[in-house]
Amino acid sequence: MKKLIELKQIKKEYKMKNKSLLVLENLDLSFEKGKFYAIMGHSGSGKSTLINIIGLLDSATYGEYSLDGQNVFALSENELARLRRDKMGFIFQDYFLDEYFKAYENVMYPMLINENIPKNEMRGKAIKLLAKVDLEDRVDHFPKEMSGGEKQRVAIARALANDPDIIIADEPTGNLDKTNEKKIFNLLKKLSEDGKCIIVVSHSDEVKKYADKLYELDDKHVIEVKR
């Protein structure tokens, strides 16, 4: 299958006064549609740096990054923002829902900057996405009226708002109990089976049960864990 994301010889170094901190070195990775990828590693191993590079929120010091055939390191900030909007959805540990928006309004929010979605269709699309994550009965609820697991499912629906190819989830179950953790990973697995490229950073061993490919970051390098 064609590689959706391809990283080659990625190096990330931070300059601090007279010192430099090497976080990632000679990293090669690729990702395809229809697969669930898990990235694990201890605190400080570079997981957040890697996910920020993949998510076009940061750039590498050296290396190549191809997304759907485009060299992303050659793109302008505006081009990168459009690529993020069209190709990527993000899920975070702390949900980042607007407490003053109802569930469907939180899901609609990313659509507001997408000229390809007619405004009169946004609410209906948001409601359909909430139904996709089994929250059709929470459409008009505010985040404070929902459990942690429900809030994370709203966040997943929001990540799907612009129908991206890639879903990046940074510790998506970090604030959840075991029951809701399984629900979230099951939902992400289903999305991968529907054709999405799912990339999950997690400390939880539970993620190993769902991943098609498991990577571990250690000492600035990435290792594929064979199972």
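With which side chain does the side chain of His 203 make a polar contact? The partner is the side chain of Glu 171, at 2.6 Å. A polar contact is a pair of N or O atoms within 3.5 Å; within protein, one must be able to donate a hydrogen and the other to accept it, and residues adjacent in sequence count only if both atoms are side-chain atoms.

The model is predicted: local features need pLDDT of at least 70, side-chain atom pairs count only at pLDDT 80 or more, and totals for chains, interfaces and linings use all residues. Residues are numbered from 1 along each chain as its sequence is written, and side-chain values use heavy atoms, with hydrogens and water left out.

**Overall architecture**

The protein has 6 helices and 10 strands; helices (H or I, at least four residues) and strands (E, at least two) are DSSP runs, numbered from the N terminus. Its radius of gyration, taken over C-alpha atoms, is 18 Å, close to the 17 Å that the globule rule (2.2 Å times the number of residues to the power 0.38) gives for 227 residues, so the protein is as compact as a globular protein of that length. The C-alpha trace spans about 50 × 40 × 40 Å along its principal axes. Of the 227 residues, 48% are buried, where buried means under 20% relative accessible area, exposed over 50%, and partly exposed in between (1.4 Å probe, protein chains only). Among contacts (heavy atoms within 4.5 Å) with a separation of 6 or more, 68% are between residues 24 or more positions apart.

**The sheet E2-E1-E4-E5**

Four strands form an open sheet in the order E2-E1-E4-E5, with antiparallel pairing. Strands E2 (19–31) and E5 (70–71) are its edges, each pairing on one side only; two strands pair if DSSP finds at least two bridges between them. Strand E1 (residues 5–16) is joined to E2 by 9 bridges in the antiparallel sense, and Ile 10 stands opposite Leu 27 in E2.

The side chain of Ser 45 reaches the backbone oxygen of His 42 at 2.8 Å. Apart from neighbours within four places in sequence, Ser 45 is in contact with Val 23 and Leu 217. With the same exclusion, His 203 is in contact with Met 40, Gly 41, His 42, Ser 43, Lys 47 and Glu 171. His 203 and Asp 94 are 109 residues apart in sequence and 15 Å apart in space, C-alpha to C-alpha.

**Helix H4**

Helix H4 (residues 119–132) has 14 residues and reaches 21 Å from its first C-alpha to its last, close to the 20 Å expected at 1.5 Å a residue; the expected span is 1.5 Å times one less than the number of residues. Its buried residues include Met 122, Ala 126, Leu 129 and Leu 130. These cover an arc of only 100° around the axis (from the directions between the helix axis and the C-beta atoms), which puts them on the same side of H4. An α-helix has 3.6 residues a turn, so residues three or four places apart point the same way. The buried residues of H4 pack against helix H3 (103–108) and helix H5 (148–159), whereas Asn 120 and Lys 128 are exposed on the other side. Asp 134 follows H4 and has a positive phi, near 60°.
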